[in-house]
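Thank you all for coming.

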4 protein chains.
Amino acid sequence: MPLESNVDIRPATGKLGILLPGMGAVGTTFIAGCLAIRKGLSSPIGSLTQMGTIRLGPRTDDNAPLINDYVPLAQLDDLAFGGWDVFEDDAYVAASRAGVLDGHMLEQLGDELRAIKPMPAVFEQAYVKRLHGDHVKSGASKWDLAQQLVDDIHRFSEENGCDRLVAVWCGSTEVYREPSAVHQSVEAFEQGLRDSAPEIAPSQIYAYALLSQGIPVANGAPNLNLDTPAMLELARAGRVPVTGKDFKTGQTLMKTILAPGFKARMLGVEGWYSTNILGNRDGEVLDDPESFKAKEVSKLGVLDTIFQPETYPDLYGDIHHVVRINYYPPRGDNKEGWDNIDIFGWLGYKMQIKVDFLCRDSILAAPLVLDLALFLDLAQRAGLHGVQEWLSFYWKSPQPAQPGLYPEHDIFIQLMKLKNTLRHLMGDDPITHLGAEYYD
Amino acid sequence: MPLESNVDIRPATGKLGILLPGMGAVGTTFIAGCLAIRKGLSSPIGSLTQMGTIRLGPRTDDNAPLINDYVPLAQLDDLAFGGWDVFEDDAYVAASRAGVLDGHMLEQLGDELRAIKPMPAVFEQAYVKRLHGDHVKSGASKWDLAQQLVDDIHRFSEENGCDRLVAVWCGSTEVYREPSAVHQSVEAFEQGLRDSAPEIAPSQIYAYALLSQGIPVANGAPNLNLDTPAMLELARAGRVPVTGKDFKTGQTLMKTILAPGFKARMLGVEGWYSTNILGNRDGEVLDDPESFKAKEVSKLGVLDTIFQPETYPDLYGDIHHVVRINYYPPRGDNKEGWDNIDIFGWLGYKMQIKVDFLCRDSILAAPLVLDLALFLDLAQRAGLHGVQEWLSFYWKSPQPAQPGLYPEHDIFIQLMKLKNTLRHLMGDDPITHLGAEYYD
Amino acid sequence: MPLESNVDIRPATGKLGILLPGMGAVGTTFIAGCLAIRKGLSSPIGSLTQMGTIRLGPRTDDNAPLINDYVPLAQLDDLAFGGWDVFEDDAYVAASRAGVLDGHMLEQLGDELRAIKPMPAVFEQAYVKRLHGDHVKSGASKWDLAQQLVDDIHRFSEENGCDRLVAVWCGSTEVYREPSAVHQSVEAFEQGLRDSAPEIAPSQIYAYALLSQGIPVANGAPNLNLDTPAMLELARAGRVPVTGKDFKTGQTLMKTILAPGFKARMLGVEGWYSTNILGNRDGEVLDDPESFKAKEVSKLGVLDTIFQPETYPDLYGDIHHVVRINYYPPRGDNKEGWDNIDIFGWLGYKMQIKVDFLCRDSILAAPLVLDLALFLDLAQRAGLHGVQEWLSFYWKSPQPAQPGLYPEHDIFIQLMKLKNTLRHLMGDDPITHLGAEYYD
Amino acid sequence: MPLESNVDIRPATGKLGILLPGMGAVGTTFIAGCLAIRKGLSSPIGSLTQMGTIRLGPRTDDNAPLINDYVPLAQLDDLAFGGWDVFEDDAYVAASRAGVLDGHMLEQLGDELRAIKPMPAVFEQAYVKRLHGDHVKSGASKWDLAQQLVDDIHRFSEENGCDRLVAVWCGSTEVYREPSAVHQSVEAFEQGLRDSAPEIAPSQIYAYALLSQGIPVANGAPNLNLDTPAMLELARAGRVPVTGKDFKTGQTLMKTILAPGFKARMLGVEGWYSTNILGNRDGEVLDDPESFKAKEVSKLGVLDTIFQPETYPDLYGDIHHVVRINYYPPRGDNKEGWDNIDIFGWLGYKMQIKVDFLCRDSILAAPLVLDLALFLDLAQRAGLHGVQEWLSFYWKSPQPAQPGLYPEHDIFIQLMKLKNTLRHLMGDDPITHLGAEYYD
């Protein structure tokens, strides 16, 4: 069923609960930020749903409402926050430990943050080797753990008086694994849960529990999760929208900005060397080669689809693309990415570009959590389900709408797709930037 | 008259003469490159007309022909090259002096390059203070100089058996001047020529001579030229297409790639500090504060239109934008641009990006000269005239289609506009990246 | 009279008053830091007198006492702080405005800082064009202003029970001026004061007042001050030690580290391009071309004396050395210096080095103020007077011991000179790093 | 026996043969360079023996002869070149393949370079895993291989009419190995050779063969070689000077320049992250983890000895020092090193420095080969033997004069040690930079 235009969208009345598996640096920065913005202490910089506008009609119409005024989104005042974590710290303690937000701001939000306590997590050491927490569930089987999560979900919903729920995975990167037999159908997966199959990762147990309750899910990490036949079948059956994977922040964000630029100008690329240094929990987890593998696969794919080496073999057919991540404690949450790019132009002459990005991981990720939660909720109210390709904008490894399609990595095409989808939902014409009407 | 779809385009038969006012580093790199490519010695990297493809229909059609196969462009074998310069060096000597291309390549093109000798230039010291050449015309008045150019044009056309001509200004940056009374109409301008009005710059005399003969013109420098009522009137009267201004290469190219990326993600910008070091003739000319003024105005405008500070005052309302150019001989033609960008995200937290671009000025500019010449010729054969806004892609300071419109600086919107214009001319549907048909 | 070895040094008993003309970012960072260190809240990082050791005898002796234990310096607990400023803010308010130290630390020092109030300054707009304060003295003549300063000095000394005083100029950079007739002798200078000669800068009035009272002076700014015959005569007459000029911090510090390294290896230098961006009061003052001129002269001299182009014409005879400073508010006190260095090696092959220093102006300068105050006081107690060449270590433009000598800029030679001077004063052998005794 | 002053140095008459085990990029750049300089085609930039001066007496004497005029060194015209390699390419072909020097220069030296053909190498795959050459010796035992080398040495000496020989290892980095029992004495080593002990690396067979013939040796690679009791015993017995190890070029060179600078100013260091990208044969060899281990140990030691963390625990007690090397073909021989350094100053405030060094490996190493050969020959003629600590200046991992001593890494102390040693040998006073005589 193709996407219809001018669909009927249920209104965003009542409370929207946002569930976060993983309440560390990213999760608490997101929650504390929403609270601070609600209090008028700060601004939702970096959030397209809160700050962005959308142009309608020709330039001369000068008609560009806020996205938040154009499509019916849940409002910040109507959000409730919850989740799970392997540490029992409440959101105030966890945010203080993460060291992202300054103490002065956190203190103003102290009571509200302290009231947000994580539920015990589903965790398995083999999937995240460098993390050691003890606020974890025990159960007779993985099926039993899934049921405990379902109970958590319902209890949270009732206690917070939620009308609707969405979930965004904000936990650590699990080790790299290929899909196996248990991931091929809902039936096989449920049997695997009952057998406590080792191929089933904790993040997949969350996804199963959430989707089985009709709750839309976004996957902020690079490991295998929503991108298996079992989960897609579950989403389709329940008409639930899903989206993933791996928040596009930092170096990969820069890549999907720069690479389309080089390609626009038909400048060749001979090599792209990327090194990252970061000192937060994420850096520690990625210091394990197996977790890094999952991240590396996610990061390396970007250039291939943007550059289309098969279409442009002379320009992009032989790129030496190297990605390194190093755990480096002095940097803390302030990730630094240094890129060296070797390009060539007219007659093959060589040029170099160096980009040093002194960024902050959680600051870049938090507004994405907000946007994804609000857009997934919109999608569900608009009757959309399955993979939401128009949300590719947010991902390092966007899932395509259909298995056969290549994913779109170019951030500018992703944004155009997102905005034209909103226009389409609201019954407006897409923007083509043709501007044919201005010529005399 | 708005741009019609599926127009009748005259075929590109016969020879196309490309006239370059200014045959220094950029001009000779362009000419030598075309000759080398014709001989199969090298590739037209960086040229959209030669290397680019254009997607037609949905992704699943897998239909993306070369632009050069899709629209009827003049072919490299059908080009003839000529121009004017203040130094009498032939193209071989000038290219050797410029030091852009290596000696080995130039030697293989020696005979052809030596045969290309510049015609004496129209020059006025007051407009380019740091340049001292003696291969210049003298005349009773600026009107007389214009007539000498017209004679040059006709002689060149006959000697080279050209069917059609186009011109691309590749000369130095003239000093900054506001438009004055003589620029307000063709009549005033022609009187100014007869009076040798000091307000009329040499580049304007070229533009007048070329347009009066129905020859399309592109302006590669930032100074006042095609963007005056007089020139636009002349273009309209003769139904001649024009485009400008200031080749978008190096640092500004990077800015129009990066800035749309920050804006896509609604990341705020507090400051953007750009410094350039370059050691070629261009660097020497720009060491004069008045020439730099023209360049600075051209460079500073970019961020304002991309960021729309009036729409996004919290994000872009107070940017400290500083641009510096320094003459630094060790760098030669290998311009280096270093940018520091201060951005801020979620809750106002600050981040920094440093970009060091070790680029080559003429290598980046040469393929633009080729594309502009071929696209202007296509435009003329397609009956387009006046400002060709769809060529904004190539300019630091794109001229809008109509005086009231804001120029488009975002390189990705510029490219979409360019490609959708080509699709439109050929009667195909524009691409919107909606992809509505893929959802199930 | 050459420097004698093992001299008799008066003990550092009683209180040492440190007078600062200029109590802005640098001055208050220095004072607040000393108070914080006294309270045990922090460490005197960056201070050679507090952190440094000095090796005595061969390596095998393993004898390297703290400098502070080796030579008799005044101790932090015995310091009293005072000074003058054109703004009447007390040290707490001034430090808060400067924005260098975090609020939490300042609050712990609140009472002590608030008790330190600047005395009204001697100021003249023509010498610092971008600064506008009203906490200034008025007087019948410059002579009268000097007498007011003398009164201030005595009152401060009595109120604080000081045994000894030293002064360190921490004010803004004055405009560039060549020495004139009034600077040629004490007599001419005193006549100039009485005539309110426009050639006499405010900083010179301070220097005169201080030296006339036998108080050692260090000049932290690049403008003409202690380096005139009049001031040197005054210092000699009163047997007062002096030292200057221009604190070596940030980019020039890096230059005097890197340049000796290139020279050690006989690597040639073709160009050195330095750009600075800074957003504090200093940046604003230097945005005035005349103040920048004083700073530029100070900064440009460094490479010449390190590289000895007359000795090494093939390596350093033709360096393109460019220094730029830009006022860029987003950076605040966190100055950033970006250097591009073009070097060449074996057979003339070219290489490049880029250095980006994200530094903090006042953090780098404050420990120099402390060291200079303590070492000048030591020098006076040791009977040293005139220019203290062994303190060259601290200066962008070190004054040589005698007019005919070239200044020493190499930071490693400067440090060896400083330490060997201390060893000499204490009667120990200098270190030569010969290590002849270790060979078998 | 300590180093005596004003020793009797045998004159440098006759021919000096320079033997290079390893004739790849570094070796051929060295040889081609010497030939080019002899012909007057280029300059020995980067060579202290050829370009450097040495100051004698106080500054006011203005007496700083060229080192080459001050001490009796062999002259370039008296050098003969030879060596061994695993590829049979002559020096012209090898230099062309290395791609360091431009073709135009190489052609002018063609005949001389083609006449220099490597002798077959002693090689063992287990010690250099990524290198595959077939120009290698075979023999009944390692003892037999050593004897073949001795024969090579004598044949080379006779054929070239050499009076004296020196050797500089310019081969690849072997895998990391700790010294074992066979390395503890000459007797054990010789038995090991006869037993073809696997613990004996090819480079050690060269060292044995050379030292046994009284030929001074320098070790340009980081692996275990001259730094074993067996080799030191052999050197002592034959009164042969030796020096090592690992040419100090590129990133480590920069470290030993910068680190002493931070320490001079007592600035703390929290972290130092170094990444290297290089695309030559060296990069390929180091892509093997075991070879990288040898290099890493050599690179990591530098900071520890310069910073003396046990003396300065508050400043340097907890440095996160990370070194990465990546094989990245686009860079070729043009190695690039990017360093991020996290420092802290007054009160612990943090600052950052980024250094990007676009260097050329072989261009930096070649002049060191020349200097080491000439200085080792001088040392031998001066009767010096054993470890030449005064040549620490050239090494990433300098061997100390005696086992108990710490090595000196500070390049400025190393240079002072080198120059004061030369002064000492010639009977002049060392320089202390005290300058006591200039004070009045």
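Before I count anything, let me say that helices (H or I, at least four residues) and strands (E, at least two) are DSSP runs, numbered from the N terminus. What we are looking at is a predicted model, in which local features need pLDDT of at least 70 and side-chain atom pairs count only at pLDDT 80 or more, while totals for chains, interfaces and linings use all residues. Residues are numbered from 1 along each chain as its sequence is written, chains are lettered from A and ligands numbered from 1 in the order in which they are written, and side-chain values use heavy atoms, with hydrogens and water left out.

Let me begin with chain A, which has 16 helices and eleven strands. Its radius of gyration, taken over C-alpha atoms, is 22 Å, close to the 22 Å that the globule rule (2.2 Å times the number of residues to the power 0.38) gives for 440 residues, so chain A is as compact as a globular protein of that length. The C-alpha trace of chain A spans about 65 × 50 × 50 Å along its principal axes. Of the 440 residues in chain A, 67% are buried, where buried means under 20% relative accessible area, exposed over 50%, and partly exposed in between, with a 1.4 Å probe and protein chains only.

Now to charged pairs. Side chains of opposite charge can pair when their charged atoms come close. A salt bridge is a side-chain nitrogen of Lys or Arg within 4 Å of a carboxyl oxygen of Asp or Glu, and a search of the whole structure finds 66 of them over all chains.

Which parts of chain A does the pair of A:Lys396 and A:Asp246 tie together? The closest N and O atoms of this salt bridge are 3.7 Å apart; A:Lys396 lies in the loop between β11 (386-387) and α16 (411-425), and A:Asp246 in the loop between β6 (241-244) and α11 (250-264), so the pair ties together parts that are 150 residues apart in sequence. Both A:Lys396 and A:Asp246 are buried.

A salt bridge also joins A:Lys417 and A:Glu389, at 3.4 Å from N to O. Here A:Lys417 is in helix α16 of chain A and A:Glu389 in the loop between β11 and α16, so this pair connects parts 28 residues apart in sequence. A:Lys417 is buried, with a relative accessible area of 4%, and A:Glu389 is buried as well, at 1%.

In chain D, we can look at D:Glu112 and D:Lys39, whose closest N and O atoms are 3.1 Å apart in a salt bridge. Are these two residues buried or partly exposed? D:Glu112 is partly exposed, at 31% relative accessible area, and D:Lys39 is partly exposed too, at 44%.

Salt bridges also link A:Arg331, A:Glu336, D:Asp342 and D:Lys354 in a network.

Finally, a residue in chain C. C:Tyr206 lies in helix α9 (residues 202-212) of chain C, and it is buried, with a relative accessible area of 4%. If we take contact to mean heavy atoms within 4.5 Å, and leave out residues up to four places away in sequence, C:Tyr206 touches C:Pro21, C:Trp84, C:Ala121, C:Val122, C:Leu149 and C:Trp169. From C-alpha to C-alpha, C:Tyr206 and C:Ala167 are 9.5 Å apart in space, although 39 residues apart in sequence.
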